[in-house]
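Today I am looking up a sheet, a helix and some aromatic rings, and I will jot down what turns up.

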Amino acid sequence: MSDSEAPPAQHSPALNCLVTGATGYIGGRLAPELLDAGHRVRCLARTPGKLRDHPWAGRADIVPGDVTDADSVAAAMRGIDVAYYLVHALGSGSGFEETDRRAARIFGEQARAAGVRRIVYLGGLTPDGVPEQELSPHLRSRAEVGRILLDSGVPATVLRAAVIIGSGSASFEMLRYLTERLPVMVTPSWVRTRIQPIAVRDVLRYLVGSALMPAGVSRGFDIGGPDVMTYRDMMRGFASVAGLPHRLILPVPMLSPGLSSHWIGLVTPVPRSIARPLAESLRYEVVCREHDIAQYVPDGPGVPFTFRTALRLALQRVQDAQVTTRWSSASLPGAPSDPLPTDPDWAGGSLYTDRRRLTMNATPEALWRIVEGVGGENGWYSFPLAWAVRGWLDRLAGGVGLRRGRRDAQRLRVGDSLDFWRVEAIEPGRLLRLRAEMRLPGLAWLEMYVDRDDQGRTRYRQRALFHPRGLLGHAYWWSVAPFHSVVFGGMARNIARAADEGNQAPDEPGVSGR
């Protein structure tokens, strides 16, 4: 984090801290803040390779494991003083509440068995006076996880936040796209509900500071910024800070959370699976009932940050391409996670491939710049309409679509989301492997290689792979196969041409993916 959005370093005794959810939005920012505060950090990750390219990864101990696996959690807890629980199973099917419940119990039990001094959990702010059974499944599960950790026998700090405003957060992206794209909005009635947003900088400050709470403190804390406002106020505030014209907002009562999530999914990059719990949460008034956290993590001049200050910081980070983590940093629930089937060992059924190979005059370095820059605003270098239609179809099916874009316009790292792909492997200057996260009847990958042929010429190799699931998967491959020469063939040719011309976005019609 840059100084503008990072909490100030805290001087304290060095502690051994375990961070779960380090591949996610908050966890990926918390780990370096703990390191900068002088603590030692261990990260528990299902796929440790996703953290490999983070600037702070070399300073942390990264171990494989899953919060639903007691043995891996027990191993990760050894020697730990403070354990951060920053994961949840939101959207992973009808049983996500049970998964959350089981994972929290395992975490609490293993923390107690390992002699951990404190558990710190970031949950959701719940509305005052609403029975828990009437809350949305999202808020209800967050509240239950907090109770389980408080009852674990280990002193626990449960921080409860409403809308978190920071570059790359789902709440910020939703607010940003709704406001930027719709000068006139017919909106759900929840835009009139009062909310107390908080800057991501303040959330991180409270998380880091919670590690040093006295052993006798074990309770929940409401955390929020100084502003209490409606979502309509937030949209108008964004327009003002971003220099946009005044937005006309017309609330209507008939948009249910389900319809609201479709509306959000069509206008913003946030997929319906994430938009629905956000919309459901916004139905309730979520305002802090106390600010006791300041007794243990004191506020200084100008903090907590105001809503407008948080917006300005977030927008500056976006404009400077300095977004360290995004809401899409963590894999989406239900996204494929099987390893790429290597050709010699593959015995798992059919594996369809589309291969392209071209040589060019450009240097390998020039070609690699084009390869690493694909997607997002740079596009996919072939048949923009086909990519756009596929993205829209994915959105309609509840998928992520093309609008997730890129974290950084030029650089990629393992685990980055890239439109409806995710970076599975990257070898700088040589290989980029992407895994599909769009809705498909099977598993898909796209590989791009840069090397030299036997005559020393720069060579580009491209391979698309698809492992079909059932008859529908086979039918899908053969239905789209006739378009591969246009989509994949055109992509290879235009990437090669862009490298030769030294341009990120060739100016001939149809080259860009946008």
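Predicted model: local features only at pLDDT ≥ 70, side-chain atom pairs only at ≥ 80, totals over all residues.

**Entry 1: the ring cluster.** With that cut-off I looked for linked rings, and ring pairs join Tyr352, Phe466, Tyr476, Trp477 and Trp478 into a cluster. Over the whole structure the search gives 10 aromatic pairs.

**Entry 2: an edge-to-face pair.** I picked Phe221 and Tyr296 from the search: their centres are 5.8 Å apart with 70 degrees between the planes, which is edge-to-face. Phe221 belongs to strand β11 (residues 219-222) and Tyr296 to the loop between α9 (272-281) and α10 (307-319), so this pair ties together parts 75 residues apart in sequence. Are the two partners buried or exposed? Phe221 counts as buried, at 0% relative accessibility, while Tyr296, at 31%, counts as partly exposed.

**Entry 3: a stacked pair.** Next came Tyr352 and Trp477, whose ring centres are 5.2 Å apart and whose planes are at 5 degrees, so I log the pair as stacked. This pair links distant parts of the chain, with Tyr352 in strand β14 and Trp477 in helix α13 (residues 470-480), 125 residues apart. Both Tyr352 and Trp477 are buried.

**Entry 4: charges over rings.** I then checked for arginines over ring faces. Arg219 lies over the face of Phe221, 4.2 Å from the ring centre, and Arg461 lies over that of Tyr449, at 4.5 Å.

**Entry 5: the sheet.** In which order do the six strands of the open sheet run? I read β14-β19-β18-β17-β16-β15, with antiparallel pairing. The edges are β14 (352-360) and β15 (417-418); each has a single partner strand, so one side of each has no neighbour in the sheet. Strand β14 pairs with β19 (residues 458-468) in the antiparallel sense over nine bridges, and Thr353 stands opposite Leu465 in β19.

Helix α14 (residues 484-501) packs on this sheet and touches β14, β18 and β19, with its direction at about 25 degrees to that of β14. Helix α11 (residues 364-372) lies across β14, β16 (421-427), β17 (431-436), β18 (442-452) and β19, and runs at about 160 degrees to β18.

**Entry 6: a covered helix.** How many residues of helix α6 (residues 200-210) are buried? I find 11 of 11, including Arg201, Asp202 and Arg205. They pack against α1 (27-36), β4 (82-85), β5 (118-124), β6 (156-161), β7 (164-165) and β10 (198-199).

Methods:
Residues numbered from 1 in each chain as written. Heavy atoms only, no water. Pairing = 2+ DSSP bridges. Helix = DSSP H or I, 4+ residues; strand = E, 2+ residues; numbered from the N terminus. Contact = heavy atoms within 4.5 Å. Axes fitted to C-alpha atoms, helices over the stretch in contact; angles between N-to-C directions. Buried < 20%, exposed > 50% of the residue type's maximum accessible area, 1.4 Å probe, protein only. Phe/Tyr/Trp six-rings, centres within 6.5 Å; stacked < 30°, edge-to-face > 60°. Lys NZ or Arg CZ within 6 Å of the ring centre and 35° of its normal.
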